[in-house]
Amino acid sequence: MTNHAAVGTAAAQRLAGEVRGEMARQKRTAGEMARVLDITAHTAGRRLSGAVAFSISDLMSVAMWLGMDPKELLRRAEEPAHAAAS
């Protein structure tokens, strides 16, 4: 894996973690998210694990479903990287 790919994977995992966290706070399920995105539960699980990155379209749909601005999810996902770099 190239360094660029590792960075992309880490970012996908951080964003997935933020989506999972917000879903937990709102008591939403992966099955519900799968229906919103019109994908299988397996594919939703891969998104939520960070194995497959959220597309911009998927991120916008998930953020709307969660009642959030997609920029807020992205901002939260970037916070740990900034804290670790400090």
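What pLDDT does the chain average, and what share of the residues score at least 70? The chain averages a pLDDT of 88, and 84% of the residues score at least 70. The term pLDDT denotes the predictor's confidence in each residue, from 0 to 100. This is a predicted model, in which local features need a pLDDT of at least 70 and side-chain atom pairs count only at pLDDT 80 or more, while totals for chains, interfaces and linings use all residues. Residues are numbered from 1 along each chain as its sequence is written, and side-chain values use heavy atoms, with hydrogens and water left out.

The secondary structure of the chain consists of five helices and zero strands. Here helices (H or I, at least four residues) and strands (E, at least two) are DSSP runs, numbered from the N terminus. Among these elements, helix H2 (residues 30-37) has the highest mean pLDDT, 97, whereas helix H5 (residues 70-85) has the lowest, 77. Where pLDDT is low, the predicted coordinates should not be read in detail.

Of the 86 residues in the chain, 29% are buried. A residue is called buried under 20% relative accessible area, exposed over 50%, and partly exposed in between (1.4 Å probe, protein chains only). Among contacts between residues at least 6 apart in sequence, 59% join residues at least 24 apart; contact means heavy atoms within 4.5 Å.

The pair formed by H2 and H3 may now be considered. Two packed helices are described by the angle between their axes and the distance between the axes. The axes of H2 and helix H3 (residues 41-49) come within 9 Å and cross at roughly 105 degrees. Such axes are lines fitted to C-alpha atoms, for helices over the stretch in contact, and angles run from 0 to 180 degrees between N-to-C directions. H2 and H3 are therefore roughly perpendicular to each other, a label for angles of 65 to 115 degrees, while those under 35 count as roughly parallel, over 145 as roughly antiparallel and the rest as oblique. On the H2 side, Ala30, Met33 and Ala34 take part, and they meet Ala41, Ala44, Arg47 and Leu48 in H3.

Alanine 44 counts as buried, at 0% relative accessibility. Leaving aside neighbours within four places in sequence, alanine 44 is in contact with Ala30, Met33, Ala34 and Ile39. Alanine 44 and glycine 31 are 13 residues apart in sequence and 7.6 Å apart in space, C-alpha to C-alpha. Arginine 47 also counts as buried, at 13% relative accessibility. With neighbours within four places in sequence again left aside, arginine 47 is in contact with Ala16, Met33, Val52, Ala53, Phe54 and Asp58.

The loops on either side of H2 come next. Most residues other than glycine have a negative phi. Lysine 27, in the loop between helix H1 (3-25) and H2, has a positive phi of about 55 degrees although it is not a glycine. Aspartate 38, in the loop between H2 and H3, likewise has a positive phi, near 55 degrees. Lysine 27 is exposed, with a relative accessible area of 71%, and aspartate 38 is exposed as well, at 72%.

Finally, glutamate 79 is found in helix H5 and is partly exposed, with a relative accessible area of 41%. Glutamate 79 and arginine 14 are 65 residues apart in sequence and 9.3 Å apart in space, C-alpha to C-alpha.
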